[in-house]
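Student: I would like a close look at one part of this model, the strand pairing. Please go through it strand by strand.

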Amino acid sequence: MNINTNPPKCPACQEDMSYPDGSNYVCAQCGHEWPIATEAEEVETGLIVKDANGNLLADGDTVILIKDLKVKGSPTTLKVGTKIKGIRLVSGDHEVDCKTEAGNMLLKACFLKKA
């Protein structure tokens with residue numbers, strides 16, 4: 001667990017007299033307690049993208065195609081089992097930006113599984 005060296009202000013009284021106590025922050029001014037874990041979740045602002053199996057994907061991961069995908073505007077088809085290295089997550093309908101043998105692509109995460 002990562003405990004911040006400068007605890008946040010108390011959400012109840014807005015004083016900066018809080019301190020970590022176990023898995024909670026405690027305000028010395030008003031006695032209010034709140035979990036440390038919620039702060040860690042708020043700090044993480046990255047994209048949350050899951051593959052077809054529900055595993056979280058991150059930038060730089062290696063993924064495998066789980067379905068043949070026809071490349072729009074080209075006779076090329078990306079075959080099932082194709083390994084794609086070094087993905088990048090982007091916002092939008094197609095969450096994964098990657099390089100394939102057919103060129104740079106934007107793919108939907110539901111057609112990928114983490115390798």
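Tutor: Strands here are DSSP runs of E with at least two residues, numbered from the N terminus (helices would be runs of H or I with at least four residues). Two of them count as paired if DSSP finds at least two bridges between them. The model is predicted, so local features need pLDDT of at least 70 and side-chain atom pairs count only at pLDDT 80 or more, while totals for chains, interfaces and linings use all residues. Residues are numbered from 1 along each chain as its sequence is written, and side-chain values use heavy atoms, with hydrogens and water left out.

Start with β1, residues 18-21, which runs antiparallel to β2, residues 24-27. Four bridges join these two strands, and P20 has Y25 of β2 as its bridge partner. The hairpin of β1 and β2 has two residues between the strands; in that hairpin G22 takes a positive phi near 70°.

From β2 the chain goes on to β3, residues 33-35, again in an antiparallel pairing, with three bridges. Y25 comes up again here, as its bridge partner in β3 is W34. The hairpin of β2 and β3 has five residues between the strands, and G31 in its turn has a positive phi of about 85°.

Further along is an open sheet of three strands in the order β10-β11-β12, with antiparallel pairing. Its edge strands are β10 (88-89) and β12 (103-107), each of which pairs on one side only. Two bridges link β10 to β11, residues 96-100, in the antiparallel sense. In this sheet R88 stands opposite D97 of β11.
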